[in-house]
Amino acid sequence: MKFTKMHGCGNDYIYINGFTERIAQAEKPELVKKISDRHFGIGGDGVIFINPSEEADFEMEMYNADGSRAEMCGNGIRCVAKYVYDNGLTERTNISIVSCGQVKYLELFLKDGKVDTVRVNMGAPELRASRIPVTAAKSDGNVINEPIVVQGKEYKMTCVSMGNPHAVVFLEDVERLDIEKIGPYFETHERFPKKTNTEFVKIIDRSHVQMRVWERGTGETLACGTGCCATVAACILNGLTDESVTVKLLGGELEITWDREAGLIYMTGPATTVFEGDYDF
């Protein structure tokens, strides 16, 4: 099986061309777990299959490292765009990609004939608790700056879906956070019926924030595109930043803008190919 290793700000996945590689659906979860292993496999935060689609130009079929299916990945979708252009599956620099029924529209920016950065229309943030999903304490159905008790400590969270669930928590210090200890308890908290991704965020100024992320089904990653979008939405909802924000991650930076008039969030960032190879399974 041929594969390509790619990353967006260090959020790395193994990409498989579903046009040419035929793998039975039932085999995919175990294959994903095997090849995502960083010691005994290729190593990555998960696997993304790039498939034909009737709904869009391409389909992104994404799996977390634990073999569970995920709805959306902002860093992953940028890499899919780079893959299909650089490998001649499209000649256009404006394309659409669908993942779990969600169609996203992307603009590709080239350098030396290959995709360097990608701007993604990530759509509108979903704030209704039942659609995220999260159990809301407030009657209005939104979870904004709402208390949650995790391991005996109270935090304030703002919940947003960008096609997948996010809980954004603002802290004074994220660098010294023991994320390996607290992350799993947020992920599996009873208030999140489908688990959650958790962003721990420090406000630097009105246009810059620092973020660490615990991703559902994977653990801490170096970046999370949907998490950055959810973070900026949460920042704006709480009056902490302006509408365009640079999010500093362990693996790099992403530029996020929430166009409040149009109701859309745009994400711009890099996509990088690491290596290609053959995997015998």
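The points below go from the whole chain to single residues.

1. Please bear in mind throughout that this is a predicted model. The protein contains 4 helices and 18 strands, and its C-alpha trace extends over about 50 × 40 × 35 Å along the principal axes.

2. On overall dimensions, the radius of gyration is 18 Å, which agrees with the value near 19 Å that a compact globule of 281 residues would have. Of the 281 residues, 54% are buried, and among contacts with a separation of 6 or more, 60% are between residues 24 or more positions apart. The protein exposes about 12300 Å², and carbon and sulfur atoms contribute 46% of that area.

3. Turning to empty space, rolling a probe the size of a water molecule over the atoms shows where such space is left. In this structure there is 1 cavity of 30 Å³ or more, and the largest cavity holds about 80 Å³ of space. Its lining draws on separated parts of the sequence, with Met62, Asn64, Ala70, Glu71, Met72 and Cys73 among the lining residues, and with Asn164, Asn197, Glu215, Arg216, Cys224 and Thr226 also included. By residue class, the lining of the largest cavity divides into 5 nonpolar, 4 polar and 3 charged residues.

4. Which residues does valine 80 touch, leaving aside those up to four places away in sequence? Valine 80 sits in helix H2, which covers residues 74-86, and it counts as buried because its relative accessibility is 0%, where the cut-off for buried is under 20%. Its contacts beyond those sequence neighbours are Tyr15, Ile48, Ile50, Met60 and Ile97. Phenylalanine 49 is 31 residues away from valine 80 in sequence, and the C-alpha atoms of the two are 8.9 Å apart.

5. Isoleucine 77 also belongs to helix H2, and with a relative accessible area of 0% it is buried. With residues up to four places away in sequence left out, isoleucine 77 touches Met60, Met72, Ile97, Lys104, Leu106 and Val120. Between the C-alpha atoms of isoleucine 77 and serine 99, which are 22 residues apart along the chain, the separation is 8.9 Å.

6. Some backbone details deserve a check, given that most residues other than glycine have a negative phi and most peptide bonds are trans. Isoleucine 132 and proline 133 are joined by a cis peptide bond, with omega about -10°, and proline 133 is placed in the loop between strand S8 (114-123) and strand S9 (146-150).

7. Is aspartate 112 buried or exposed? Although aspartate 112 is not a glycine, it has a positive phi of about 55°, and it is found in the loop between strand S7 (102-111) and S8. Its relative accessibility is 76%, so aspartate 112 counts as exposed, the cut-off for exposed being over 50%.

8. Asparagine 145 likewise has a positive phi of about 55° without being a glycine, and its place is in the loop between S8 and S9. At 38% relative accessibility, asparagine 145 counts as partly exposed.

Definitions and conventions. Residues are numbered from 1 along each chain as its sequence is written. This is a predicted model: local features need pLDDT of at least 70, side-chain atom pairs count only at pLDDT 80 or more; totals for chains, interfaces and linings use all residues. Side-chain values use heavy atoms; hydrogens and water are left out. On a 1 Å grid over the protein atoms alone, a cavity is a set of points where a 1.4 Å probe fits but cannot get out, and a pocket is an open set with protein on both sides within 12 Å along at least five of seven lines; lining residues have an atom within 4 Å of a point. Grid points are joined across faces, edges and corners, and a volume is the space filled by probe spheres set on the points. Ala, Val, Leu, Ile, Met, Phe, Trp, Tyr, Cys and Pro count as nonpolar, Asp, Glu, Lys and Arg as charged, and the others, Gly among them, as polar. Helices (H or I, at least four residues) and strands (E, at least two) are DSSP runs, numbered from the N terminus. The radius of gyration is taken over C-alpha atoms; the globule rule is 2.2 Å times the number of residues to the power 0.38. Buried means under 20% relative accessible area, exposed over 50%, partly exposed in between (1.4 Å probe, protein chains only). Contact means heavy atoms within 4.5 Å. Accessible areas come from the Shrake-Rupley method with a 1.4 Å probe; for residues, only the protein chains shown count as cover.
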